[in-house]
Amino acid sequence: MANASHGGKIILFVLVALVLGAAGYGYFSQTAQLKDKPKEKAPAAIDATLLAPQPNDIILGDNNALVTLVEYSSLTCPHCAHFNADVLPTIDKEFISTGKVKLVLRHFPLNEPALKAAQVVECAGNNGLKREGFIKVFFDMQAQWAFGESFLKDLKQIARVGGIDSAAFDSCINDKELEARILNTRQVAETKLGVNST
């Protein structure tokens, strides 16, 4: 009986040793495989000149501020509207108005209504009106124009109240060069800066 008990302990010991050995082999071979995997390339360095204010940018604050904050937004983005209404006033009060930060606003239209609204913003600037004022109004009134099929009619009415007459609005909305410039801003943000959302 003692011999059978002793033999059982040896078999148990051998089984435990085999299990531990297999587990150890698996762990170390997995670690080796992880180490042998080629590392993913780090993203290419960002060209800082792309983040510097550009001629068509909307800039809030002192041009000489040491810090530049670049915002890519879509006028139909609810999160952007929330930022504009609830977060930006605090940033403005504490940083922009005090000359510490300049905010660079760039268009990143997510859909056709956002693109057309961005065109109206740019036309406002071309007609001597403040582009940032139109951005604020479009965000404040987003629920009234951004999500319906009559968005062009609604934009036209808002633009008219803001000082853009019907002919100027129609010309602006049909300006293919302006449309291409806005879409190019988005493309540069996506391809060269890695921006994938607002």
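Which residues lie nearest the centre of the second largest pocket? I began my notebook with this, keeping in mind throughout that the model is predicted.

**Entry 1, the second largest pocket.** I found that 13 residues line this pocket, and that L60, N84, L88, D92 and K136 are the ones nearest its centre. Two elements, α2 (78-96) and α4 (131-140), each give two or more residues to that lining, and I noted that α2 gives the most, with 6 residues. Sorting the lining by class, I got 7 nonpolar, 2 polar and 4 charged residues, around a space of about 250 Å³.

I then looked up the largest pocket, whose volume is about 340 Å³. It is lined by 17 residues, and those closest to the centre are Q54, N56, D57, R106 and T185. Both β3 (101-107) and α8 (176-193) supply at least two lining residues, while α8 gives the most, with 6 residues. By class I recorded 8 nonpolar, 5 polar and 4 charged residues in this lining.

How many disulfides does the structure hold? I found 1 disulfide, formed by C123 and C172, with the sulfur atoms 2.2 Å apart. The angle about the S-S bond is 105 degrees, and I wrote the link of C123 and C172 down as right-handed. C123 belongs to helix α3 (residues 112-126) and C172 to helix α7 (residues 166-173), so the pair ties together parts that are 49 residues apart in sequence. I reminded myself that a disulfide is a covalent bond between the sulfur atoms of two cysteines.

Are the two partners buried or exposed? With the cut-off for buried set at under 20% relative accessible area, C123 counts as buried because its relative accessibility is 7%, and C172 is buried as well, at 2%. I checked two further cysteines against the cut-off and found C77 buried at 4% relative accessibility and C80 buried at 6%.

Turning to the aromatic side chains, I counted 3 aromatic pairs. Why is the pair of Y72 and F108 called edge-to-face? The ring centres of Y72 and F108 are 6.2 Å apart and the planes stand at 75 degrees, and planes over 60 degrees apart count as edge-to-face, so the pair falls in that class. Y72 comes from strand β2 (residues 67-73) and F108 from the loop between β3 and α3, so this contact ties together parts that are 36 residues apart in sequence.

F134 and F138 make another edge-to-face pair, with 6.1 Å from centre to centre and 70 degrees between the planes. Here both partners lie in helix α4, 4 residues apart, which is about one turn of the helix.

Which residues do the ring pairs link into a cluster? I wrote down F134, F138 and W145 as its members.

Technical notes: Residues numbered from 1 in each chain as written. Predicted model: local features only at pLDDT ≥ 70, side-chain atom pairs only at ≥ 80, totals over all residues. Heavy atoms only, no water. Disulfide = S-S within 2.5 Å. Buried < 20%, exposed > 50% of the residue type's maximum accessible area, 1.4 Å probe, protein only. 1 Å grid on protein atoms, 1.4 Å probe; cavity = no way out; pocket = protein on both sides within 12 Å on 5 of 7 lines; lining within 4 Å. Points joined across faces, edges and corners; volume = space filled by probe spheres on them. Nonpolar A, V, L, I, M, F, W, Y, C, P; charged D, E, K, R; others polar. Phe/Tyr/Trp six-rings, centres within 6.5 Å; stacked < 30°, edge-to-face > 60°.
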